[in-house]
Amino acid sequence: MSALCSPRKRYDEEEPNTPAWAAHRKHFFILSSAGKPIFSRFGDESKLSPVAGVLQALVSFVDDSGDTIRHVRVGAHRVVFLMRGPLYLVAVSTCGDTVEYLWQQLHYLHAQIISILTSKVEQIFARNASFDLRGLLGGTDRVIRSLIRYANAEPSLLFNAVPSLRLPPPVRAELGKVLAARPADLLFAVMVARSHLVHLYKAKKSVLHPQDVLLVMNTVASSSSFREDESWLPICLPCFNDKGFVYAHVSFVAEELCLVLITPKADAFSPLSAFRQQVMQRLEAMPELLGTLRSSISEPQYRVDEFGVPEVRHFIYKLNAVEQLSAPRLGPDAGPQCPYRTRDMAKGLFRVYQHAHALIHGTSKPLRELLVSTATETVIARNSGDAELYVVFSPLVSKPVAIAACQKLHRSLKKEHASLFLLSTAK
Amino acid sequence: MEKVYVFNPSLGGEDTAERKVLFFHPASTPVSEQVNSVGLCEALTNFTRTFGPTSSSSEPLTLHTQQRRHVFFEAEAGIWFAVVSRNAALPKSASRGSSATTAEPAGAAPAEPSEEELQDSTLHALLRRVYEGVQLACGQLSLIAAERGWEGLRRLLAAVMRPYLQIMLSQGEDETARLDVLDTFDGMSFLPIDSLLYLKVQMALNQLLTHQPNVVHTALFFEGQLVYSSLSRGGTQQLHRLVTKMMGGPATKKPEPLPDLSRAADEEHLFALVHALRHSAKPSALPAGRFVCGAGDLLQDDRSAVRVPLVHVEVRRRAGGETEPGPPENRPGEPSMHLEKGEADLEAFRLVVFELQQSVVVMLLDDKPPLWSRPLWFQEVASLVVEELQPVAALLAEQHSRLQAVDEPYRYVYLNQMNLAVKAAPPPKSRQQDTIGKLALSHTVKVIMNRTRSDFLEGHVREVVLKLPSSSEGWFVGRISNGRELYMLTDSKVASMSEVHQELQALRARNFFNIFTTSFLD
């Protein structure tokens with residue numbers, strides 16, 4: 001869905017409490033439990049003390065009755081609260097996102113803040129409740145904004161899964177060999193192209209959760225400065241260890257191909273830099289492989305027509321064992337089968353996915369099969385436990401046809417596992 | 001249902017915020033808590049209004065907390081109704097307080113309790129029903145406030161709502177405890193009859209109107225199923241609810257006498273009477289029929305005002321509301337008690353209910369002249385009704401038992417939003433047991449059904465087909481088309497989605513061939 005981008009606007013300089021500010025369809029606020037604004041998606045947060053005050057008052061009011069506020073609905077408005085220690089995260093939305101997904105986004109925002117500050121942020125507040133966190137977060141606004149944007153049209157956060165780049169299996173295996181020749185202190189190596197996972201190396205006994213991968217990918221994507229040179233940054237991977245930092249060596253090893261090397265050692269820059277040099281050399285020694293890789297990257301994802309099921313407009317396929325997902329391209333060059341050409345249409349499609357996802361996971365035991373029909377789409381979702389497949393059809397498709405098409409697509413996808421996903425990371 | 005309260009945020013000042021409260025249940029709630037409850041609603045509405053107006057001003061506001069659900073609804077300009085209910089069971093992942101940090105399993109999706117049996121729409125329906133009940137007894141509240149002052153309204157609400165809530169919360173029938181999809185429907189089950197019988201019913205009731213010109217509206221129910229009504233959809237629905245309440249209730253041996261309300265305002269009579277009726281011994285069916293609500297004792301008429309309570313009923317559809325426009329019902333001799341422009345077009349009548357075997361005739365009388373206080377009048381009406389209705393009632397009974405005997409192989413509920421007709425298998429008489437058809441609804445089915453219906457009402461989703469997660473259950477189908485909703489459950493033998501599709505087609509062929517054109521259920 002990354003093909004659909006619009007130029008960025010500087011929302012953070014907007015005057016709050018104006019009609020234009022209020023009319024934004026999805027606000028995010030982060031405030032301290034003392035009611036100090038820390039972040040606002042729109043508007044200068046230093047001028048947002050009144051809003052933060054009201055939110056803080058609501059939270060503490062409900063708290064006083066021995067209860068915890070969760071969310072408010074009125075008409076199309078949804079106000080969703082997530083309290084994490086001294087941080088309160090609030091989403092105010094009229095955009096049609098499900099409450100469940102708004103929660104998930106807040107959860108990721110919190111994780112992203114932890115990735116910048118570690119959970120020590122709580123101790124800071126314990127010492128001084130009115131501490132102004134904005135100083136510590138300084139300049140990292142951009143990472144948070146980038147995550148919000150990403151969450152708007154990409155299904156990764158909804159599914160809690162990493163999107164993987166489709167690659168011929170031999171190419172992927174060859175890349176694995178390149179990364180395997182690692183230095184001793186390397187904890188993880190993540191190879192990313194255009195927000196799609198290309199390869200991943202994990203040291204023995206260490207687990208890299210998809211949420212951490214997504215946070216790393218977002219951090220890398222949030223700034224173009226990483227493209228210029230080798231960078232070294234401390235980062236916290238909340239699922240790996242939320243108490244402390246690890247160190248990431250970030251660089252691009254080929255066009256659009258980013259390599260993130262993660263180590264627990266603060267002084268490991270030079271061995272990692274040397275390893276990066278080695279990776280680059282080995283890639284250049286294999287021009288054929290690099291060529292295939294380049295062509296995969298230049299057109300990340302694939303067209304839905306490639307699977308030969310003409311009724312299917314779009315789908316999302318998540319393989320639970322590797323916690324990765326795969327989906328065909330959207331946008332102007334998505335092919336004749338896929339009518340979602342503009343960003344708004346893609347967002348509309350995404351809401352349908354959100355809805356189906358909420359239904360599948362809305363009961364204590366997830367549903368196995370589901371069909372949802374709206375005025376614009378028919379979605380069939382199948383959840384086998386090993387994989388989740390959501391397939392989108394036209395709203396007018398007849399049910400037997402859609403059911404058959406869904407089965408056919410599922411069979412073809414199963415045959416493609418090795419190229420769609422990075423299977424070596426299976427637990 | 002933990003709390004029910006009514007308030008007007010524009011009353012009172014900073015120091016006299018307790019004046020905002022018009023009614024509070026339970027009454028023992030400390031005043032400070034009452035004031036806080038009102039303040040919470042004010043804060044929430046003001047906050048959400050910062051972000052643009054909501055789509056409609058009558059949109060209810062719902063607050064979900066870990067343990068409770070609050071619903072606020074502005075019933076009339078400035079007058080809010082609120083209900084607070086406790087979540088039945090705390091979800092597993094309830095530890096979401098300020099102490100919960102990243103202690104959960106690493107990076108797990110925020111396991112918010114997505115499983116909520118009660119959908120907001122279910123509570124909205126309940127709250128609206130509370131308001132409509134009050135409205136039935138009192139008419140438009142803003143008018144009362146204008147006539148008698150806010151203090152007068154406060155007194156009246158206390159007198160009316162206590163017995164009313166007692167009825168709503170009475171044991172075994174606690175409406176809040178068994179909230180399910182049928183309650184959100186708020187539909188009425190119709191007794192399907194052929195046109196000839198329908199005309200006979202109409203003729204019998206027209207005889208009544210002709211001979212007793214002070215009877216303005218009539219409705220006929222058979223075993224709780226609607227046969228005929230001359231009122232609008234909303235008015236019929238209100239009467240249906242009321243009559244069901246009057247006729248139902250636990251059978252007690254000790255009859256409860258009518259409270260002495262001779263000095264009470266007219267508005268206070270209705271629910272006091274309903275409450276007393278529910279707790280009085282039910283006389284065995286008299287072949288000659290009896291007045292359920294009317295002059296019970298023909299010799300003693302000083303209580304007739306209580307026995308023949310005042311009701312405020314919608315006779316025409318609400319103008320410009322969410323309901324579809326319909327032709328106004330033109331009646332000669334429109335009663336003069338016509339209300340000012342308001343949300344509902346209410347008229348005040350005296351209510352008389354006559355039971356003849358399984359049939360119940362509801363009559364709405366002009367308040368003036370007060371013929372309803374004369375015992376003789378009731379004698380005349382009784383003999384007329386019995387004479388006209390007896391033959392029809394026998395035919396209805398025949399039809400009813402014929403329909404009961406039909407074995408229904410499918411489990412479904414159907415609602416037509418236009419006329420609020422509910423069709424279920426078997427009729428929703430069995431709703432206390434949460435059943436659709438012969439099998440009880442599991443918790444999961446209720447969750448899914450409520451959620452599906454909410455999605456339908458939000459207007460985006462048209463159809464849902466899903467395999468229920470438990471292997472002993474089959475498939476669930478929900479579908480909406482042109483204001484008609486259908487929900488069906490299959491048994492667990494149905495293996496695939498394609499077979500569900502075939503089942504649905506079979507159901508249509510069997511039960512809906514006369515209602516739907518091909519566009520529905522295809």
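**A close look inside**

Modeller: Let's start with Leu257(A), which touches Met191(A), Val192(A), Ala193(A), Val198(A), Ser251(A), Phe252(A), Leu283(A), Leu293(A) and Ile297(A), leaving out residues up to four places away in sequence; contact here means heavy atoms within 4.5 Å. Bear in mind that this is a predicted model, where local features need pLDDT of at least 70 and side-chain atom pairs pLDDT 80 or more, while totals for chains, interfaces and linings use all residues. Residues count from 1 along each chain as written, chains are lettered from A and ligands numbered from 1 in written order, and side-chain values use heavy atoms, without hydrogens or water.

Leu257(A) and Phe315(A) touch the most other members of the largest nonpolar core, which has 164 residues. Such a core is a set of buried Ala, Val, Leu, Ile, Met, Phe, Trp, Tyr and Cys residues joined through side-chain atoms within 4.5 Å, buried being under 20% relative accessible area with a 1.4 Å probe, protein chains only. Helix α3 (residues 99-117) of chain A gives this core its largest share, eleven residues. Helices (H or I, at least four residues) and strands (E, at least two) are DSSP runs, numbered from the N terminus. Apart from this core lies another one, of 59 residues, including Leu141(B) and Cys293(B).

Now step out to the open sheet: ten strands with antiparallel pairing, ordered β2(A)-β1(A)-β5(A)-β4(A)-β3(A)-β3(B)-β4(B)-β5(B)-β1(B)-β2(B). Two strands pair if DSSP finds at least two bridges between them. β2 (37-40) of chain A and β2 (21-25) of chain B each have a single partner strand, so one side of each has no neighbour in the sheet. On average, neighbouring strands are turned by 15 degrees against each other, direction ignored.

Where do the chains join up in this sheet? β3 (residues 69-74) of chain A pairs with β3 (residues 61-65) of chain B over five bridges, in the antiparallel sense. There, Arg73(A) stands opposite Thr62(B).

Helices lie across the sheet too. In chain B, α3 (residues 141-169) lies across β1 (3-7), β2, β4 (68-76) and β5 (79-86), at about 5 degrees to β2(B). Axes are lines fitted to C-alpha atoms, for helices over the stretch in contact, with angles from 0 to 180 degrees between N-to-C directions.

One last stop is α2(B), where 18 of 19 residues are buried. Just after α2(B), Gly139(B) takes a positive phi of about 80 degrees.

Notes:
Buried < 20%, exposed > 50% of the residue type's maximum accessible area, 1.4 Å probe, protein only.
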